[in-house]
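These are my notebook entries on one structure.

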Amino acid sequence: MNKVSTLLAFAFWLTMSHLNTAVAVEQPTISKGAYLAKVANCSTCHTAAHGKSFAGGYQMKTPVGAIFSTNITPDKTTGIGNYSLADFTNAMRKGYAKDGHDLYPAMPYPSYTKINDADIEALYRYFMDEVKPVAQANKESEIPWPLNMRWPLKIWKFFFLEEARYEEKPEQSAVWNRGAYLTQSLAHCGACHTPRGLAFQEKALDESDSDYLNGGELDGWSATNLANDHNTGLKRWSANDIIVYLKYGANQHSASFGTMTEVINNSTQYYRNDDLAAMAAYLKTLPETGDKGQTQYVYNNEQTMAAFNDLVNNDEARLYDQYCSSCHGRDGKGVAPYLSPLAGNPALLDPNASSLINVTLNGSHHRRTQGITAPYYMPKFRDSLNDQETASVVNFMRKSWNHNLSSIHAGDVAKIRKLNE
């Protein structure tokens with residue numbers, strides 16, 4: 001081994017040692033409200049690309065048209081500067097603006113209704129006293145009339161908004177209760193990771209229902225299962241694996257992609273280590289849910305390597321080899337944490353291929369954690385691969401390394417491609 005190889009090997013070992021230990025990263029001292037705003041990830045939704053913090057304008061797509069987040073700076077004309085604590089509480093917990101109009105449940109008030117009074121007040125004081133006011137008018141939604149009428153939201157809330165604060169379970173530890181509180185309320189994990197019903201409601205709001213955090217599809221992404229299922233969930237992840245993932249966006253099992261990278265960049269990397277540990281402890285107690293009907297995954301590379309023997313006639317293997325293997329390897333193991341493993345990755349074992357199609361077409365944001373930008377990121381291939389070629393690459397990954405998932409079709413790719421045009 002030459003000197004350069006030795007140095008690279010040492011650097012890799014050092015990084016892996018760092019990521020596989022929950023390193024205490026010292027954070028600057030901030031107010032309670034500022035910290036809770038990070039926990040609640042307020043900036044991601046209320047700050048447009050290249051826009052001013054919390055001034056709104058972030059586009060959120062819905063099946064009936066786009067909506068835009070509102071200005072939540074303390075500007076008295078265009079923001080929330082005239083909100084009382086009661087007004088702010090109503091918006092957070094009940095989904096009502098100060099003027100009485102109903103907020104779309106893109107604002108996760110079904111989760112925020114569980115936030116306790118002290119944390120609501122701390123958030124209010126932060127937005128009123130520490131956030132800089134920005135005069136920026138709110139944008140009207142692009143939902144056409146009559147679908148843009150908001151009175152049906154009152155009916156929606158009647159059936160699906162369970163307004164109640166989080167209540168600690170005395171049979172559980174203080175750490176478990178802290179993790180449950182954060183997961184269910186401020187972190188609003190269920191907003192993405194819980195499946196939705198026909199009325200776009202979360203099918204479950206806590207661990208008492210097996211649908212809770214069992215994976216959900218939103219805006220062309222399939223948020224992964226967070227229950228303790230072997231294949232599609234977190235059973236193979238230790239509590240420390242969860243902490244490392246939320247702090248750095250990558251661990252030995254997977255790396256963040258899509259909107260989860262935004263969550264890590266803007267929110268979870270800033271969590272205190274004790275809060276990350278509490279959430280990990282809570283998540284590790286979520287019961288198995290049936291693993292979406294799959295048998296227990298066991299890595300097997302023999303079938304995959306055989307596919308590379310005839311690249312001329314095997315389009316799926318040829319395309320994977322051309323576009324993917326240089327980073328993720330023919331063996332699918334990648335080079336964690338730099339280049340995500342694919343083999344056995346819960347996101348790859350998800351029967352819903354939306355995320356795999358989406359990240360292949362559109363790539364993913366750069367991760368930037370603890371002030372350092374990740375050296376590698378997932379590029380987009382939407383301009384390099386047509387719908388059929390994308391389907392072939394995705395199918396190779398879904399069938400390789402003993403994944404044994406069903407094939408997708410070019411039409412499935414076309415639907416995801418259209419969402420991002």
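Entry 1, strand pairing. I began with a definition: two strands pair if DSSP finds at least two bridges between them. I kept in mind throughout that the model is predicted. I then looked up strand E1, residues 59-62, and strand E2, residues 65-68, and found them paired in the antiparallel sense over four bridges. Within this pairing, methionine 60 stands opposite isoleucine 67 in E2. I also noted that E1 and E2 form a hairpin, with two residues between them.

Entry 2, helices H4 and H6. Before I turned to the helices, I reminded myself that two packed helices are described by the angle between their axes and the distance between the axes. For helix H4 (residues 85-94) and helix H6 (residues 117-129), I read an angle of about 115 degrees and axes 10 Å apart. H4 and H6 are therefore roughly perpendicular to each other, as angles of 65 to 115 degrees count as such. The crossing of H4 past H6 is right-handed. Which residues of H4 meet H6? I listed Leu85, Phe88, Thr89, Met92 and Arg93 on the H4 side. Their partners in H6 are Asp117, Ile120, Glu121, Leu123, Tyr124 and Phe127. Sorted by class, this contact of H4 with H6 has seven nonpolar, one polar and three charged residues.

I next looked up helix H8 (residues 174-184) and helix H12 (residues 273-283), whose axes come within 7 Å and cross at roughly 90 degrees. That angle makes H8 roughly perpendicular to H12. On the H8 side, the residues in contact include Val175, Trp176, Arg178 and Leu182. On the H12 side, Asp275, Met279 and Tyr282 are among them. I recorded nine nonpolar, three polar and two charged residues in the contact of H8 with H12.

Which residues of helix H11 (residues 259-266) are buried? I found Met260, Thr261, Glu262, Ile264 and Asn265. These buried residues of H11 pack against helix H3 (42-46), helix H9 (190-193), helix H10 (239-248) and strand E5 (368-369).

Where does tryptophan 401 lie? I located tryptophan 401 in the loop between helix H17 (387-399) and helix H18 (410-419). Is tryptophan 401 buried or exposed? Its relative accessibility is 0%, so tryptophan 401 counts as buried. I noted lastly that tryptophan 401 and asparagine 300 are 101 residues apart in sequence, yet 5.0 Å apart in space, C-alpha to C-alpha.

Technical notes: Residues are numbered from 1 along each chain as its sequence is written. This is a predicted model: local features need pLDDT of at least 70, side-chain atom pairs count only at pLDDT 80 or more; totals for chains, interfaces and linings use all residues. Side-chain values use heavy atoms; hydrogens and water are left out. Axes are lines fitted to C-alpha atoms, for helices over the stretch in contact, and angles run from 0 to 180 degrees between N-to-C directions. Angles under 35 degrees count as roughly parallel, over 145 as roughly antiparallel, 65 to 115 as roughly perpendicular and the rest as oblique. A crossing is left-handed if the near helix is turned anticlockwise from the far one by less than a right angle, and right-handed if clockwise. Contact means heavy atoms within 4.5 Å. Ala, Val, Leu, Ile, Met, Phe, Trp, Tyr, Cys and Pro count as nonpolar, Asp, Glu, Lys and Arg as charged, and the others, Gly among them, as polar. Buried means under 20% relative accessible area, exposed over 50%, partly exposed in between (1.4 Å probe, protein chains only).
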